[in-house]
Amino acid sequence: MKQFSMNNTMELNYLSIKEAVEGLKKKSFSAVELTQACLKRIKLLDKKIAAFLTLNEDQALKTAENADNLIHSSASIFDTKPLLGIPMGVKDLFSTKDLKTTAGSKIIENYMPPYDATVIRKYKDAGAIILGKTNEDAWGHGSSGENSDYELTRNPYDLDRVPGGSSSGSGAAVAAGECLFATGTDTGSSVRLPAAFCNLVGLKPTYGRVSRYGVIAMASSFDTIGHMTHTVYDNAKVLEVTAGNDPLDATSSPLQVSQYTTHLNEKISGLKIGIPKEYFVDGMDPRIKDLTLRAIEQLKSMGAGVRQISLPHTDVAMACYYILVPSEVSSNLARYDGVRYGGPRSLFGAEAKRRIMLGTYTLSSGYYDAYYLKAAKVRRLIKQDFEEVFKEVDVIIAPSSPTLPFKIGEKANDPLQMYLSDIFLCPINIAGVPSLNVPCGFIDGLPVGMQIIGPHFKEELLFKVGHQFEQETEYYKTKPKL
Amino acid sequence: MSAPKKLTKEEVLHLAKLANLTLNEEEIALYQAQLSDIIGYVEKLNSVDTNNVEPVEQLTELTNVNREDTSSDKLSLSQTQALQNTKSTKDGYIRVEAIFDE
Amino acid sequence: MKSYLPVVGLEIHVELKTESGMFCQCKINQFDAQPNSHVCPVCLGLPGALPVPNKKALEWTIKIGQALNCTINKHTKFDRKHYSYPDLPKGYQISQYDEPIAVKGHLDFEANYGTYKNEKKSFRIHRVHLEEDTGKLMHRGNDTLIDFNRSGTPLVEIVTEPDFESSDDVKMFLEELHAIIRYLDVSDADMEKGTMRMEPNISIRLTGQKELPNYKVEVKNINSFNFVKRAIDFEVKRHIMLLEQGKTPIQETRGWNSDKNVTYSQRTKEDAHEYRYFPEPDIPPFDFSDGYIHEIEKTMPELPNERVKRYELMGIKHLDAYILTRNMNLCGYFEEALLYIKKDNNEQDTEQKIVSMIINKRISTTITPKEFAKKFFEITKPVETNTGMLAKSIQSVIVNNEKAVTEYKNGKQTVIMFLVGQVMKEMKGKADARVVKKELEQMILEMK
C-alpha cells in the first residue's frame, strides 16, 4: 500500500462515491485507508461539529478489511456490490443490528436493535462501510437540528449556524468530509433542508419507493427514506441500492426500480419546468429568490422551457400537515412505554410531548371527523394539485428554504418566513411526490439549495435535470473551510 | 368565528391520560393554550370545500397487499435478543410492577 | 314484583390456528414454548417494525362471516385502536373499526330445552372482524409477568346484537357457534386454552319494554359455557335487586369467580375507553372481488345444523344427531363404520342403532371403524338357539318353578320374563331370548 500524506488523506474523504469506487477499482488506495481517512477526519473535527452520536470504528475497519479482500479477489465485485468500501453515516433513526440506535432521544438512550432495517441490510449487502450513527432532531421532530436530546450539531460552513434538520448529523457529516454519504429520512423537510444548508444533493424519494421497515416511524404516511451525497450521480447510485419493493413493508411500491445512473445525460432540451406562483412571494430572502431564478435561467439556457404554474391549495397545506402529522406521531410514539425497551415516557422532550398531545387531541372522539378526516380530504386536493400540474410540466422547481442557514438559537421569528419555510417543503410530503435538493449557489459563503420536484416515481427525471445543472455549475467542488 | 377558546384543565388532563403522559402544572397551562391553536388550523381547512372529495386513506393507492401464511425463523428473535433491551425480566418473562385487574 | 327479561349481547373472540402471525411470520399457538421465544420485531412492537397482513387469516374470517350468514364487505381495512396496557406492544391494537370484514348475519338453531320443543330460534350477528391478539399477563405476587408469544396471533371478533332473553339460549348459541368454528377447521376454539373467549354484555328490562336499557355490564374471565349461563343468571338476579331498589346497575366490567359463583367488580377505569381509531396507514385497504368471495364460499364444509338434518333423514333421532355432531371426529368415525356395516346389513334402523351404541359407549370408539363394524355384528346377530337343549331347559325350569308357572297360567303376564331369565341361565346365555320366550309360552300352553 502506498503511503499518503495528510493532504491526500483529506482528499480521500472528500471523494465522491464515483471517484472512490474508481480509486478502489484501480487500487490507488484501499478501503481500509479510505475508512481510516474518514475516521481521522471525525476525530479531528467532530468535537466541533457533533455530527456523530455513536461510532462504529472497530466494526467499520473489519468490514473495510473484508472489502479489500473482495476487491483483490474479484475484478467485477463492484457489479454486485456497488458501494463496496464506501464509508457512510447512518441517521440514528435507522435500526442497525447491535449498534446503538437512539432516534436522537433519551428515551431509547441505550437501545440496541436486534435487527437491521431493510435499507441497512441493502447498504451492507452493497458493501458500504457504516462509520457510525449520526445525530438528529429527536424522533425527526424539527427542521434545524436544534432539537436533539444530545449535542447540538453545527453547520460545517459556519459553526454558529444550524445544519438544518432533522437529519442534521448526516448533513454535517458529509459536508465536513467525515463520510462520503449519509442516510436521512424526510417527513416534512428532513433530508432536503440539511442538504440545502450543507451544500449537498439530498433526495426525498417518492413515498413507497424505499422500504420503511426498520426505520423508526415518525408519521407513517409521510416518512420517506432518503440520503445525502456530494453529487447527483452519487445520489442516483445510492437510490439504485435502496429502492425497491420490500415484502416487510406493505406500503412499498411493487414498481420496477430504474437504473437511475444511466439516464443522467439524456437531453433536457424541451423539458418543461414549472415555477409555483404561490412560492415566489414576498417574505423570501430576495437574494435567495434571485439565486433560484438565476439557476432556472441556467436551465433555460440548456434548452428547458419555463412557465408559471399554480398549486392552489398551498395556503391550506400546513393546516393539513399540522393535523395529520401529529396524529400519526402520537400513535407511533405510543409503543415507548418502557416495558420492553427504553425508559419512562417522562423522558420525552418538550417537542415530542407537544406533538403527542396535539395528535391525541386531533384523534379524540368528537374531533376525528372535524379534524383528521377533514385534513385527509384536503390532502387529496393537495395531491391532485401536483398531479394536475404534472400534466402541464415535467418538473417543478422551487427554493428549498426562504432563508439562509440561520444562527443557532435564532430561528426565524418572522411568521411569514416560517410559513414559507414550511410550504416550500411540506406539501411535497403531503402529496408523496419526490424532490431532489441540488446546490444552486452561495450567499455570504453560505449554501443555497433548490428543489427539483417531479411526478410520483419519476426520480430519474430529477436526477437528469440535477446532474446536468450540477455539471455546469460545479457547486459541489466548494468545501467548507474547516 | 370568535377567538379559539382555551381547553380546560380537565380536558388537557384527560388527553394526557389517554396519551399516557404525566404533566406538571406548567405543561398543563402550556397545552391549554397550544392545543387551542389547532382550532385555527381547522378553521383554515373548513374554508375548503371538500364535498365529494375522497379522503386519502392510503397515499400509495395500493390495495390488497398481503402475505402467504408461512412461518419463518429468519426474522424471529431468540429469547435473549427479545429481552436484550428490557430493564426488568424474570425467568424469561418481562416483568412490570403488579397490575391489578382493571 | 315487576317482570323483567334479560337483555344479553355477546362478544366472542376466536384465535385462528394459522401457521404464522396476523402481521408477522412468527409461529403461533406454541403453547408449551418458553416465554418470549416466538417473537419478532413486529409482534414485539420494536421501533421501526411494520405489519403485513396474513392472507389465510383474511380468508378464514370471510369464511366465518359466510357461515354466519353475513354480508361480506367488499371494501375493508384495518384501523389502529389505541390504549395503554403492558401486554399491548405498540400502544395500539391493529383491529377493524368502521369497515369490518363481515356484517349483519344470523345464527339459527332448534331449541329443545326448558319449555321449548323444536322451537326455531335465530340470533342476529352484528359484525365479524379481524384483529391481533395481545401478549399474556401473569400475576405472581408483586410482579406482573408478560409473555409476548401470543402477541400478533390472528383473532376474530364476533359481536351479536343484544337479542338474547335467556341464559339457556346463550349457552345453546355458544355451543352451536363453537361447533361451527370447529367444523370450519379455523380454530381449536378451546375455552380452557383461551383460543375461544367470550364476554356477555348483560342488562335487563321490563317485559314488554321496547327500548334497550340505559346501561350494560360486561363480564369477563368466563371459561366454560356452563359458567356463562351461571354468570348471566347471577347478574340478572343482581340487576333485578338493584332496579327494585330504584338503583341502576353501574355500567362496568365485572369478573366471574367460578369458585364462589359470583361476579365481582373489577377496578374500573374512570372513563370509557377512548380508542382514537384511525385507518392503519401501514396497511393498504382491501377490495375483494365477487369471484374471490365466491371461491371462499365454495370451500364451505357441511355445517353442524346441515349435518344434523342429514342424520335425521337417515332415521337418527334429533337429540342423538345433535350430540353426535358436536364432535366432528366422531361423525367421521360413525360414517366410516356405517359404510362397513351397510355392506352386510340392510335393516332400516341400523343408523340409529350404531349412533346409540357410540353415544352410550356400548362399543368403544378407540378401535378402528372396521373393528367397530365387526363388534356391531357380534352384538346384533341373533343368537343361535340349540333347540334340543332348549326343550330340556324349559322342561327343567317349569318343573322347578311350579309357583311361577301357576301364577303365569292364572294371568300374571309379567312372570314370563322371570321364567325366560331362568331358561337363559340354564342355557348359559346361548339362546335368543325372543325364541326362548316363544317356546316357553308355547310349552306352558301345551301343558295341562
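1. Helices (H or I, at least four residues) and strands (E, at least two) are here DSSP runs, numbered from the N terminus. The model is a predicted one, in which local features need pLDDT of at least 70 and side-chain atom pairs count only at pLDDT 80 or more, whereas totals for chains, interfaces and linings use all residues. Residues are numbered from 1 along each chain as its sequence is written, while chains are lettered from A and ligands numbered from 1 in the order in which they are written.

2. In chain A, one residue that a new reader may wish to locate is A:D46, which is found in helix α3 (residues 31-49). A:D46 counts as buried because 21 other C-beta atoms lie within 10 Å, the cut-off for the term being 20 or more other C-beta atoms within 10 Å, with C-beta atoms placed from the backbone. Two residues are said to be in contact if their C-beta atoms, placed from the backbone, lie within 7 Å, and A:D46, leaving aside its neighbours within four places in sequence, is in contact with A:A51, A:F52 and A:E178.

3. Helix α2 (residues 25-46) of chain B has 22 residues and reaches 33 Å from its first C-alpha to its last, close to the 32 Å expected at 1.5 Å a residue, where the expected span is 1.5 Å times one less than the number of residues. A kink of about 25° is centred on B:Y31 in this helix, the bend at a residue being the angle between axes fitted to the seven residues ending there and the seven starting there. B:Y31 is also buried, as are B:L35, B:I38 and B:Y41 of α2(B). The buried residues of α2(B) pack against α1 (9-18) of chain B and, from chain A, against α11 (314-332), α12 (350-363) and α13 (369-392).

4. The contact between chains C and B involves 40 residues of chain C and 34 residues of chain B. On the side of chain C that touches chain B, α1 (55-67), β9 (143-147) and β16 (286-287) each supply at least two residues, and the largest share, 5 residues, comes from β9(C). That side divides into 15 nonpolar, 14 polar and 11 charged residues, with Ala, Val, Leu, Ile, Met, Phe, Trp, Tyr, Cys and Pro counted as nonpolar, Asp, Glu, Lys and Arg as charged, and the others, Gly among them, as polar.

5. Strand β9(C) also pairs across the two chains, meeting strand β2 (residues 93-97) of chain B in the antiparallel sense over 4 bridges; two strands pair if DSSP finds at least two bridges between them. Within this pairing, C:L145 is the bridge partner of B:R95. Inside chain C, β9(C) pairs with strand β8 (residues 136-140), in the antiparallel sense over 5 bridges, and the hairpin of β8(C) and β9(C) has 2 residues between the strands, with C:G141 taking a positive phi near 60°.

6. Chain C also holds an open sheet of 9 strands with mixed pairing, in the order β2-β6-β7-β10-β1-β11-β12-β13-β14. Its edge strands, each pairing on one side only, are β2 (71-72) and β14 (262-265) of chain C.

Terms used:
Buried ≥ 20, exposed ≤ 12 C-beta atoms within 10 Å, placed from the backbone.
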